Amino acid sequence: MSGDALDRHFMARALELAANGLTTAHPNPRVGCVLVREGRIVAEGWHERAGGPHAEAVALDRAAANPAASLAGATAYVTLEPCSHHGRTPPCSDALIRAGVARVVYAVGDPNPLVNGRGAQRLREAGVSVQSGVLEAEATQLNAGFIKRMRSGVPLVRLKMAMSLDGRTALSDGRSQWLSGEAARLDVQAWRARSGAILTGIGTVRADDPRLSVRPTGPQVRQPLRVILDSTLATPPTARVFEDTAAQGVWIFTSCTDTRRREALQARGARIEQVAAVTVPGTGAQLDLAQVLGVLGQGAINEVLVEAGATLAGALVQQQCVDELLLYIAPIVLGDRARGLLHLPEPPSLAQARRFALIDSAAVGADQRIRLRVTHS
């Protein structure tokens with residue numbers, strides 16, 4: 001293989017390793033590292049969880065444990081620019097320099113203001129050859145939420161919905177169990193597990209009383225933060241969302257100032273976040289969703305999975321707060337009296353309609369899952 005092909009080959013392996021942290025690394029990025037000398041892998045590692053060793057440190061420790069594994073003149077393939085600051089762990093750039101690595105290839109720069117080019121600069125100043133951009137698109141997709149939060153202060157928002165072939169989510173009386181099949185419901189659990197928070201609205205809480213947790217539960221399962229948008233603090237203190245004490249907690253965003261309701265929910269362990277109400281043309285007063293996402297970003301949430309009804313889902317799209325749509329399409333039709341996917345005002349013309357770009361699609365049991373990227377005008 002040529003040099004470029006070898007770089008892509010070993011970086012692809014590093015990305016495979018990084019994906020091991022898909023559900024555990026939060027709020028840190030998912031990172032993999034492969035140490036290569038004379039065309040052969042010496043050691044490899046990945047970042048498992050916040051507070052634990054970074055991918056580079058894991059790989060270097062494994063190399064050090066092998067007396068025959070010299071790193072003199074080796075190349076390190078890392079999916080994210082090596083860090084250059086002291087946090088809960090020491091700088092990875094310094095560790096690579098001390099190990100005698102001659103070349104570092106990384107896929108994408110670290111947008112964290114504490115790094116953001118400083119890691120690469122430190123390596124170059126120590127005489128290490130540095131190359132970036134190998135499989136950059138793939139590495140960016142793996143950490144899209146972390147990258148967005150570091151750059152904009154808000155998490156990536158993924159709106160999950162299930163619908164029929166004719167774009168309906170439930171019968172006219174609200175019945176929707178089970179629109180999608182068992183395989184699709186299991187697939188949703190994987191998307192929940194990789195998310196930092198699951199967000200829903202008070203309408204869904206009152207209608208379905210969801211737990212908003214990853215199932216099956218267990219000591220090795222990291223439960224996401226549960227977030228409820230509830231402008232009037234109508235969430236029942238008896239809601240099942242409060243039952244899982246092992247989860248990260250429940251945050252309720254509201255514009256209501258009723259002290260009695262607030263204290264009743266706080267007694268159940270809820271954190272109440274006061275946000276402003278805004279007037280949205282065509283729909284009236286709503287919580288300021290941009291402010292909600294800003295608070296979640298400050299709470300180190302990288303990815304938010306929204307599981308909500310047509311009203312909140314439409315509001316998120318209308319206020320341009322959605323990055324991706326995750327749609328499960330069941331091979332059935334429900335008719336024109338059934339409930340629609342999104343509550344949105346009609347666009348003035350087709351040219352002004354909201355548009356989406358396909359990311360990927362897959363068959364999930366009898367259903368089809370499509371993932372779309374929102375293209376903001």
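A search of the whole structure finds two aromatic pairs; rings of Phe, Tyr and Trp (its six-membered ring) pair if their centres lie within 6.5 Å, and planes under 30 degrees apart count as stacked, over 60 as edge-to-face and the rest as tilted. The model is predicted, with local features needing pLDDT of at least 70 and side-chain atom pairs counting only at pLDDT 80 or more, while totals for chains, interfaces and linings use all residues. Residues are numbered from 1 along each chain as its sequence is written, and side-chain values use heavy atoms, with hydrogens and water left out.

**Aromatic pairs**

- Phe10 and Tyr77 make a tilted pair, 5.4 Å centre to centre with 35° between the planes.
- Phe10 belongs to helix α1 (residues 3–18) and Tyr77 to strand β3, so the pair ties together parts that are 67 residues apart in sequence; helices (H or I, at least four residues) and strands (E, at least two) are DSSP runs, numbered from the N terminus.
- Phe10 is buried at a relative accessible area of 5%, and Tyr77 is buried at 4%; buried means under 20% relative accessible area, exposed over 50%, and partly exposed in between (1.4 Å probe, protein chains only).
- Trp251 and Phe253 also form a tilted pair, at 6.5 Å centre to centre and 55° between the planes.
- Both Trp251 and Phe253 are buried.

**Arginines over rings**

- Arg271 lies over the face of Trp251, at 3.8 Å from the ring centre; a charge sits over a ring if NZ of Lys or CZ of Arg is within 6 Å of the ring centre and within 35 degrees of the ring normal.
- Arg185 lies over the face of Trp178, at 4.2 Å from the ring centre.

**Helix α3**

- Cys92, Ser93, Ala95 and Leu96 are buried in helix α3 (residues 92–99).
- These residues span an arc of only 160° around the axis, which puts them on the same side of α3; the arc is that of the directions from the helix axis to the C-beta atoms.
- The cover over the buried residues of α3 includes β1 (32–37), α2 (55–64), β3 (75–80), β4 (103–108) and α4 (118–125).

**Arg158**

- Arg158 is found in strand β6 (residues 156–163) and is buried, at 2% relative accessibility.
- Leaving aside neighbours within four places in sequence, Arg158 is in contact (heavy atoms within 4.5 Å) with Trp191, Arg194, Glu303, Val304, Leu305, Val306, Glu324, Leu326 and Arg371.
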